[in-house]
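Please consult it alongside the sequence and the structure shown below.

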Amino acid sequence: MNVTQIKAAVDAGKSVHWANEGYRVHRDALGQYLITYLPNGSTIGLTDRSGRRLNGAEADFFISVSTRGADGEQGREVRGATSEGHPDAGTG
């Protein structure tokens with residue numbers, strides 16, 4: 001996911017993470033986009049000071065979606081970013 005996709009997903013209320021579900025991307029009361037490590041609350045900005053370069057690789061950001069199985073048990077479904085619009089789309 002790129003910076004624009006991440007911000008749009010956060011603004012839409014999606015559960016956005018970096019690297020694993022322990023790192024949550026969110027927006028604070030000042031409008032800053034942050035990455036917080038949930039177990040200890042350690043926080044870093046989503047981007048560098050310029051606002052253009054992510055503090056992490058694009059490929060490491062993803063959206064996590066809660067699901068309910070047929071038995072009513074809640075599980076987690078991890079859905080990665082699409083390659084749509086990505087310069088490397090279709091290569092490999």
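**Core and overall arrangement**

Isoleucine 6 is in contact (heavy atoms within 4.5 Å) with Met1, Val16, Val25, Leu46, Leu54 and Phe61, leaving aside residues up to four places away in sequence. The model is predicted: local features need pLDDT of at least 70, side-chain atom pairs count only at pLDDT 80 or more, and totals for chains, interfaces and linings use all residues. Residues are numbered from 1 along each chain as its sequence is written, and side-chain values use heavy atoms, with hydrogens and water left out.

**Fold and surface**

- The chain contains one helix and six strands; these are DSSP runs numbered from the N terminus, with helices being H or I of at least four residues and strands E of at least two.
- In sequence order, the pattern reads α-β-β-β-β-β-β.
- Of the 92 residues in the chain, 23% are buried; buried means under 20% relative accessible area, exposed over 50%, and partly exposed in between, with a 1.4 Å probe and protein chains only.
- The chain exposes about 6,200 Å², of which carbon and sulfur atoms supply 48%; accessible areas come from the Shrake-Rupley method with a 1.4 Å probe, and for residues only the protein chains shown count as cover.
- Among contacts between residues at least 6 apart in sequence, 35% join residues at least 24 apart.

**Nonpolar core**

- The largest nonpolar core has 13 residues, and Ile6, Val16, Val25, Leu46 and Phe61 touch the most other members. Such a core is a set of buried Ala, Val, Leu, Ile, Met, Phe, Trp, Tyr and Cys residues joined through side-chain atoms within 4.5 Å.
- Helix H1 (3–11), S3 and strand S5 (61–68) each contribute at least two residues to this core, and H1 gives the largest share, four residues.
- Leucine 54 lies in the loop between strand S4 (42–45) and S5 and is buried, at 13% relative accessibility.
- Not counting residues up to four places away in sequence, leucine 54 touches Met1, Val3, Ile6, Leu46, Thr47 and Phe61.
- The C-alpha atoms of leucine 54 and asparagine 2 are separated by 8.0 Å, although these residues are 52 apart along the chain.

**Helix H1**

- Val3, Ile6, Ala9 and Val10 are the residues named as buried in H1. They lie on the same side of H1 because they cover an arc of only 135° around the axis, the arc being that of the directions from the helix axis to the C-beta atoms.
- Asparagine 2 caps the N-terminal end of H1, with a side-chain oxygen 3.1 Å from the backbone nitrogen of threonine 4.

**Aromatic cluster**

- Two aromatic pairs are counted. Rings of Phe, Tyr and Trp (its six-membered ring) pair if their centres lie within 6.5 Å; planes under 30 degrees apart count as stacked, over 60 as edge-to-face and the rest as tilted.
- Tryptophan 18 and tyrosine 23 make an edge-to-face pair, at 4.8 Å centre to centre and 80° between the planes.
- Tyrosine 23 and tyrosine 37 form a tilted pair, because their planes stand at 35°, with ring centres 4.7 Å apart. This pair links distant parts of the chain, with tyrosine 23 in strand S2 (residues 20–27) and tyrosine 37 in strand S3 (residues 33–37), 14 residues apart.
- Trp18, Tyr23 and Tyr37 together form one aromatic cluster.
- The relative accessible area is 22% for tryptophan 18, 24% for tyrosine 23 and 29% for tyrosine 37. Tryptophan 18 is therefore partly exposed, as is tyrosine 23, and tyrosine 37 is likewise partly exposed.

**Polar contacts**

- Histidine 17, in strand S1 (residues 15–18), is buried with a relative accessible area of 3%. A polar atom of the histidine 17 side chain lies 3.2 Å from the backbone oxygen of tyrosine 23.
- Serine 64, in strand S5, is buried with a relative accessible area of 4%. The side chains of serine 64 and glutamate 21 are joined by a polar contact of 2.5 Å. A polar contact is a pair of N or O atoms within 3.5 Å; within protein, one must be able to donate a hydrogen and the other to accept it, and residues adjacent in sequence count only if both atoms are side-chain atoms.
- Aspartate 28, in the loop between S2 and S3, is partly exposed at 23% relative accessible area. The side chain of aspartate 28 makes a polar contact of 2.6 Å with that of glutamine 32.
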